[in-house]
Amino acid sequence: MKKKIFAMLLVVGMIFTAVGCAGKGGNNQASPYADATEVLTTVWNNMGEVEYPVFGGNFENSVENAPGNLPVTDTDTMTYTLLVPADVQEKVTSAATVNHMMNANIFTGATLQLDGMDAKDAAEKIKESFLANQFMCGVPDKLIVVTTGNFVVFAYGATDNVDAFKEQAGKLDGAQVVVDQPYL
């Protein structure tokens, strides 16, 4: 009997979630991008010659000098490198990163594809996490967050690097710069 009640409550909860999310503008917009890696690669490839070495993805599946896929199960990288709060991580369906090879605080870029959370809400939560973080080895100058459909594209690091990234991310289809925040 308990299993039947639990199953019914689960179904009702899923219906309410689907109905509740249907009204959120950020997640239901059609996007020309297939996943987070495609979005981040589009931005990165348009940045031109970058003067510093980078790697993409995570340490287990890294690629040199390009963005790479980040498995959504890699909560350590999402938490400690990307500063993505747990409630946002729960809504990520694909992720990609590109990081300065020597010091992530000089440049870290990422894209998250979300399901069940408005991209602007996720952007605000990432901003709050960034501002609450105490950096140990060098302090990044700023954070930018751009949304497009159900994608959140963000970077933190040295101002010149982040501004160059922001310029290209702002050219994505439907892009909106929602955070341009110095680290205080």
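Asn65 lies in the loop between β2 (63-64) and β3; helices (H or I, at least four residues) and strands (E, at least two) are DSSP runs, numbered from the N terminus. The model is predicted, so local features need pLDDT of at least 70 and side-chain atom pairs count only at pLDDT 80 or more, while totals for chains, interfaces and linings use all residues. Residues are numbered from 1 along each chain as its sequence is written, and side-chain values use heavy atoms, with hydrogens and water left out.

Asn65 has a positive phi of about 55 degrees although it is not a glycine. Most residues other than glycine have a negative phi. With a relative accessible area of 48%, Asn65 is partly exposed; buried means under 20% relative accessible area, exposed over 50%, and partly exposed in between, using a 1.4 Å probe and protein chains only. Leu83 is another non-glycine residue with a positive phi, here about 65 degrees. Leu83 sits in the loop between α3 (75-81) and α4. Its relative accessible area is 5%, so Leu83 is buried.

Strand β3 (residues 68-70) contains Gly68. Gly68 is buried, at a relative accessible area of 5%. Gly68 and Ala96 are 28 residues apart in sequence, but their C-alpha atoms are 5.4 Å apart in space. Neighbours within four places in sequence aside, Gly68 is in contact (heavy atoms within 4.5 Å) with Thr37, Gly56, Gly57, Val63, Ala95, Ala96 and Thr97.

Now the chain as a whole. The protein chain has six helices and eight strands. Along the sequence they follow the pattern α-α-β-β-β-α-α-β-β-α-β-β-α-β. The protein chain has 184 residues, of which 43% count as buried. Among its contacts between residues at least 6 apart in sequence, 63% join residues at least 24 apart.

The interior can be described through its nonpolar cores. A nonpolar core is a set of buried Ala, Val, Leu, Ile, Met, Phe, Trp, Tyr and Cys residues joined through side-chain atoms within 4.5 Å. The largest such core has 25 residues, and Leu112, Leu114, Val152 and Phe154 touch the most other members. Two or more residues of this core come from each of β4 (92-100), β5 (107-114), α5 (119-132), β6 (142-148) and β7 (151-157). The most are given by α5, with five residues. A second, separate core of 21 residues includes Trp44, Tyr52, Val146 and Val153. Phe154, in the largest core, touches Leu82, Val84, Thr108, Gly109, Ala110, Leu112, Ile126, Leu143, Ile144, Val145 and Phe165, with residues up to four places away in sequence not counted.

Helix α5 has 14 residues and reaches 20 Å from its first C-alpha to its last, close to the 20 Å expected at 1.5 Å a residue; the expected span is 1.5 Å times one less than the number of residues. The buried residues of α5 are Ala119, Ala122, Ala123, Ile126, Lys127 and Phe130. They cover an arc of only 140 degrees around the axis, which puts them on the same side of α5; the arc is that of the directions from the helix axis to the C-beta atoms. An α-helix has 3.6 residues a turn, so residues three or four places apart point the same way. The buried residues of α5 pack against α4 (86-89), β5, β6, β7 and β8.

Gln181 belongs to strand β8. Gln181 is buried, with a relative accessible area of 16%. Leaving aside neighbours within four places in sequence, Gln181 is in contact with Lys127, Phe130, Leu131, Lys142 and Leu143.

Aromatic rings come last. Rings of Phe, Tyr and Trp (its six-membered ring) pair if their centres lie within 6.5 Å; planes under 30 degrees apart count as stacked, over 60 as edge-to-face and the rest as tilted. A search of the whole structure finds ten such pairs. One of them joins Phe135 and Tyr183 edge-to-face, at 5.0 Å centre to centre with 85 degrees between the planes. Phe135 lies in the loop between α5 and β6 and Tyr183 in the segment after β8 (176-182), so the pair ties together parts that are 48 residues apart in sequence. Both Phe135 and Tyr183 are buried. Elsewhere, ring pairs link Trp44, Tyr52, Phe107 and Phe165 into a cluster.
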